Amino acid sequence: MRIAILGATGSIGVQALEVVRELRGRGVEVQVVALAAGRRVAELCEVAREFEAKAICVLGEAEAERARALLPSHVEVLWGRGGLEELAAHPEAELVLNAVVGAAGLRATLAALSAGKRLALANKESLVIGGHLVMERVHLHDQLIPVDSEHSALWQALRGISPGEVEKLWITASGGAFRDRSPEELERVSPREALSHPTWNMGPRITVDSATLVNKAFEVIEAHWLFAMSYERIGVLLHPQSIVHGAVELVDGNWIAVLSTPDMRIPIKYALTYPQHLPPPPRDFSLIGRDLEFREVPTGRYPAFEAVLEAGIAGGTAPAVANAADEELVAAFLAGKIPFTAIAEGLRSVLERHVPMRSPSLGDILAADSWARAETHRWMTQRFGPTIGHERRVDESDDG
Ligand code: NDP
Ligand code: MG
C-alpha cells in the first residue's frame, strides 16, 4: 500500500508514522510516498528521509527553502495551499491520511477525493465546514474511512447493519479537562490546565475543544455527514473512562458498542488497514475492566457545545463560522489573551451576527470563514480591549 500523510508532524501524524513502522516490522508492505506539514520543517524532513518519501509539502516559501537544504535533490518540495492540494492528489498515493488541523484541511480532502484516492480522515473540520461538498465526492462506500475514534467505532458497529435497523447513534465524551470545575473556577483556568486532558493525548486545539465540548459538537456534525443521520438521531453520552467510543442503538433494543483503550493508534491502524483488523491487540484489561459510567450531557453546563451544535443544525455556512470563530478564540485563549469562558461567549456572539447561507460553494464557505475570523477579532477587541492582537487568516502564508 502506498500512502500520503498530511499533518505528519502533529499528534495524529506522528502516531500514524509509528503505526506504519509497526506494520512494516510485521512484514506488511506500506510505502510512505508523500508527507506534508506546516512549520516544523526539520521534523518533517527527518521522517521524509527515514521513509524515503518522494514529495513533501510545507506551509510557505521560506519553509520550502529550508526543506530543500535538508533533503536529497530528487525529493519534490511543494508549499502552500496549492502544494497541499497537489500532494493530496499525488499520483503514486493510493490512500491519503488527512491529519492537518483546522479549516485548512478542507481543500486537501476535496483534492484527494476528486483524484479518486481512498481517504483516511482525521481532519474533522473538513466535514464540519464542508460536509455536503465532501460527501458528494465520495463515490464508494469505503472511499472515506473515519479516523476519529468515535466515528471509527460507529463505522465498525454499523458493519452489516442496514439503515432501517438503526434507532440512534451514540458518541461518547470524556467531559474534558474541566469536567469537575465550578462555573466560577472556569473563569480562571489556565491554558496549561486546559492542555492536560484526563484520558487522551492530542494536539492543542482539539484538547481545548474537548474541555469546552466543542469537539463533541463537531463530532455530532461529522457523524451527521458520515452516516447520513439526522441530528435528532445522534446522541452524546458523558463517559469519563473513554473506553466505549461509540454505540449503535438498534430498533429492537439491542446495542452494539465498540470498546478499546483510549489510544489513537488503534483507529489510525484500522483506517490504514481497513477492512482488515491486524494484530497485535494492545490488550489491557486493567483499563477495559473498570466500572463504566454514562450520562447525558447536562443542559447549560457546556454553552460552547450547545452553540456549535445549534450551528450544525442550522447548517449552510453556520458550522464554518463556528469553526473559524472557535479556532481564533482557542488561539487567543492559549496565548493568554482571553479567559476560558470567553470561548463560549465569543462563539455565541459571532454566530448570532451570522445569517447562514444554504448549500454554500467552497468560495462561500471560505468567505464565511474569513468573515468569522474578522468578526471574532472585532468582538475580542471590543470585549477585552485593543491589545488582543491582529487578525490571522487560515491560509496566511499562501500564494502557492
Ligand atoms: P496537531 O496540532 O498536533 O497537528 C496538526 C498538523 O497539521 C501538524 O502537522 C501541522 O504542521 C499541520 N498543519 C497545521 N496547519 C497547516 C496548514 N495550514 N497546512 C498544512 N499543514 C498544517 O493536531 P492533531 O494531530 O491533534 O489533530 C489533527 C486533526 O485530527 C484535527 O483535525 C483534529 O481534530 C483531528 N483529531 C485529532 C485527534 C487526536 O487525538 N489528536 C483525535 C481525533 C481527531 P506543523 O506542526 O509542522 O506546523
Ligand atoms: Mg474524537
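Helices (H or I, at least four residues) and strands (E, at least two) are DSSP runs, numbered from the N terminus. This is a predicted model, in which local features need pLDDT of at least 70 and side-chain atom pairs count only at pLDDT 80 or more, whereas totals for chains, interfaces and linings use all residues. Residues are numbered from 1 along each chain as its sequence is written, chains are lettered from A and ligands numbered from 1 in the order in which they are written, and side-chain values use heavy atoms, with hydrogens and water left out.

**View 1. S359 in the loop between α16 and α17.** S359 is placed in the loop that runs between α16 (341-352) and α17. Although S359 is not a glycine, its phi is positive, at about 35°. With 66% relative accessibility, S359 counts as exposed, where exposed means over 50% relative accessible area, buried under 20%, and partly exposed in between (1.4 Å probe, protein chains only).

**View 2. L213 in the loop between α10 and α11.** L213, found in the loop between α10 and α11, also is not a glycine and has a positive phi of about 70°. Its relative accessibility is 2%, so L213 counts as buried.

View 3. E222 belongs to helix α11, which covers residues 214-226. The residue is buried yet has no salt bridge, the nearest side chain of opposite charge being that of K124, 4.7 Å away. A salt bridge here is a side-chain nitrogen of Lys or Arg within 4 Å of a carboxyl oxygen of Asp or Glu; as for charge, Lys and Arg count as positive and Asp and Glu as negative, while His and the chain ends are not counted. When residues up to four places away in sequence are not counted, E222 touches K124, L127, D148 and H151, with contact meaning heavy atoms within 4.5 Å.

**View 4. The shell around ligand 1.** Ligand 1 is surrounded by 25 residues, of which T9, S11, R39, R40 and E125 are the closest; a residue is near a molecule or strand if one of its heavy atoms lies within 4 Å of it. Helices α1 (11-25) and α10 (204-212) each contribute at least two residues to this shell. An N or O atom in the side chain of T9 is 2.7 Å from an oxygen atom of ligand 1, and a backbone N or O atom of S11 lies 2.9 Å from an oxygen atom of the ligand. For V101, a backbone N or O atom lies 3.4 Å from an oxygen atom of ligand 1. Taken alone, ligand 1 exposes 910 Å², and the protein buries 89% of that, with areas from the Shrake-Rupley method and a 1.4 Å probe.

**View 5. Helix α12 and the elements that cover it.** Helix α12 (residues 265-273) is largely enclosed by the rest of the structure, because seven of its nine residues are buried. These buried residues are P267, I268, K269, Y270, A271, L272 and T273, and their cover includes α1, β5 (95-98), β6 (118-121), β7 (144-146) and α7 (149-157).

**View 6. The cis peptide bond at P275.** The peptide bond from Y274 to P275 is cis, with omega near 5°. P275 sits in the loop between α12 and α13 (285-288).

**View 7. A372 in helix α17.** A372 lies in helix α17 (residues 362-384) and, at 0% relative accessibility, counts as buried. Leaving aside neighbours within four places in sequence, A372 is in contact with V321, A324, A325 and V350. The C-alpha atoms of A372 and R353 are separated by 9.4 Å, the two residues being 19 residues apart along the chain.

Technical notes:
Polar contact = N/O pair within 3.5 Å; in protein donor to acceptor, adjacent residues only side chain to side chain.
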